Amino acid sequence: MTIGNIPPKKERKSRRTKPVDENAPLLPKRQEDAGFDEFNGASFTGAVFNLSTTIVGAGIMALPATMKVLGLILGVAMIIFMAFLTEASIELLLRFSKAGKSASYGGLMGDAFGKTGRILLQAAVLVNNIGVLIVYMIIIGDVLSGTSSSGAHHTGVLEGWFGEHWWNARAFVLLITTLFVFSPLACFKRIDSLSYTSALSVALAVVFLVITVGITIVKLINGSIAMPRLMPDVTDMTSFWKLFTTVPVLVTAFICHYNVHSIDNELEDSAQIKPVVRTALALCSTVYIMTSIFGFLLFGDATLDDVLANFDMDLGIPYSSLLNDAVRVSYAAHLMLVFPIVFFPLRLNLDGLLFPSARPFHQANMRFALLTIGLITTIFLGANFIPSIWDAFQFTGATAAVCLGFIFPASITLRDRHNIATKRDKILCIFMIVLAVFSNAVAIYSDAYALIKRNPSHSE
C-alpha cells in the first residue's frame, strides 16, 4: 500500500454502499477489498484521536520558546492563526481530492503535476517523517537515560532512580524500547488499529499539560513568578528577523496533512472528515495554547528551546523531583505512542518510491516486514549515532514540513486542473507560498548565522 498508488476513489457516503472496481490498480480504496471484510469503518472518535496524535508531537515542547520570542499576545495569536491556516490548506486538499477522485495526497499531487509531483510528495514525507522520528527517539533516550551538553550532564529518569548501570545506558534503553514498543506498534496494517494508543497518547499530553498548569498556579499563588513579556522585544533588525524563526516551529507543530487521506479512507462515513479535522485542530490548539502560556509563565526568559530540559531543576515547590519525573515520563510515553502514527505514512511512501507497480501492500507480507525492519533500524541507528538532531531538524524537517503543509496544497490549488478554485482560494494560496518561502528562508539564514557565530574557528 502506498500513498501514491491508491486509485481514484468514487464519491461515497458509506463504506457499505461502495461499488467495487475489479480493474482498479494496486491498493483498493477501502481496506476490506484487500482482505479486511470484517472492518466496517473507523469511528469519528478514533479518527479524531489519530489525527490529534499526528499533530501533537515534539513540536509542543518548542512552543513555550516561541512565546519567549513573540511574547504571549502575539504568540497565542500566531498559534490560532496557524491553526486556521492549516484547516484551510487541508480543506483545499480534500476539495481537490474529491474533484479529482484522488484517495491519497500522492495521488492528488500526481493528478496535478504527474509522476514528478507524486515523487516530490513522497520525498518530502520521507525527509520530514524520518527526521521527526529520529528526534522522537533521541528525546526518549535523553529523558530515560540522560544527556550531556556543553559539559553538563542532565540525569535521565532511570539513572536518577537506579543509578548508572549498563542496562539503563542510552543505547540499551533505546534498543529495548525499539524491540518491545515501536516494533509491535509498527506492525499494524490499518491506522485505525492505533486509535486506542492514540487516545492514550493524547491523554498523556494532557497529563503533561495538567502538571505544568498545576505547578504554575502554585508558583503564582506564592508569588514566585514574574510578569511575562506580552509583546516581542524588538530592538534592532536582528531581533526583528528572529521573529520569523518561529514560523517553521509553528508550521511543524500543525503538520498532519500526510495522514488526512489515510484517516479519511478508513472512515465509515467520509462526510465526517471535515468535522474530524476541525475537532482535532481545536483540541490540539487548546493544548498548544495552554502549554505555551503556562510553560512560558513557569520559566520566563529562562525557557529553553526544548522546554522539557527545564524540568531538570529544582522547581522551588514541594515534591519538585517527583513532578519533574512525572512530566518527563508522561512525555516520553506520549512520544512512544505517537511514533507508529508518524511511521505509518513513512512506510507507505517508501513503498511507493521503491515499488510503484507492485501488488497491494497488505498482500505482500514479506515486503511489509522488510520495509518495517529497514526503517526502524535506520531510525534506531540515526538516534544513536547523531548526538543532536535539532539543527538538522530545522534545516530538513521544517523545510519538508512547510512543503507538505502549505506549498504543495497551494500549488495544487493554483494549478487548478478541475477549475474549481475561487479567486479567494488563489489569493490565500499565494499568501501561503510567500509566507512559507520567505519565513523559512529567513529562518534558515538565521540558523546558519547562529551556527557560524557559535563556531567562529570554522570560518577562519
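**Figure 1. Salt bridge between R417 and D111 in the predicted model.** In this predicted model, the side chains of R417 and D111 form a salt bridge with an N to O distance of 2.7 Å. The pair connects distant parts of the chain, 306 residues apart. R417 lies in the loop between α14 (390–415) and α15 (423–454), and D111 belongs to helix α4 (residues 105–145). R417 is partly exposed at a relative accessible area of 46%. D111 is also partly exposed, with 21% relative accessibility. The structure holds 8 salt bridges, this pair being one of them.

**Figure 2. Salt bridge between R328 and D325 in helix α12.** The closest N and O atoms of R328 and D325 are 3.1 Å apart. Both residues sit in helix α12 (residues 320–354), 3 residues apart, so about one helical turn separates them. R328 counts as buried, at 10% relative accessibility. D325 is buried as well, at 13%.

**Figure 3. Salt bridge between R95 and E91 in helix α3.** The side chains of R95 and E91 meet at 2.9 Å, N to O. Because the two residues are 4 apart in helix α3 (residues 72–99), about one helical turn lies between them. R95 is partly exposed, its relative accessible area being 23%.

**Figure 4. Surroundings of C256.** C256 is buried, with a relative accessible area of 0%. The model's count of disulfides comes to 0.

**Figure 5. Largest nonpolar core.** This core has 119 residues, of which L51, I55, Y288, F343 and F408 touch the most other members. Helix α4 gives the most to this core, with 19 residues. Nonpolar side chains tend to be buried together in soluble globular proteins. For the chain, 56% of the 460 residues count as buried.

**Figure 6. Contacts of Y288.** Which residues does Y288 contact, leaving aside its neighbours within four places in sequence? The list consists of I55, V56, G57, I60, L63, I79, A253 and F254. Y288 and I55 are both among the core residues that touch the most other members.

Figure 7. Over residues 10–39 the pLDDT stays under 50. The model has 71 contacts beyond four places in sequence for this segment. Where pLDDT is low, the predicted coordinates should not be read in detail. The chain averages a pLDDT of 79, and 83% of the residues score at least 70.

**Figure 8. Whole chain, for reference to the close-ups.** The secondary structure comes to 15 helices and 2 strands. Among contacts between residues at least 6 apart in sequence, 81% join residues at least 24 apart. The accessible surface comes to about 19600 Å², with 66% belonging to carbon and sulfur atoms.

Technical notes: Residues numbered from 1 in each chain as written. Predicted model: local features only at pLDDT ≥ 70, side-chain atom pairs only at ≥ 80, totals over all residues. Heavy atoms only, no water. pLDDT = per-residue confidence, 0-100. Contact = heavy atoms within 4.5 Å. Disulfide = S-S within 2.5 Å. Buried < 20%, exposed > 50% of the residue type's maximum accessible area, 1.4 Å probe, protein only. Salt bridge = Lys/Arg side-chain N within 4 Å of Asp/Glu carboxyl O. Core = buried A, V, L, I, M, F, W, Y, C linked by side-chain atoms within 4.5 Å. Areas by Shrake-Rupley, 256 points an atom, 1.4 Å probe, with all protein chains shown as cover.
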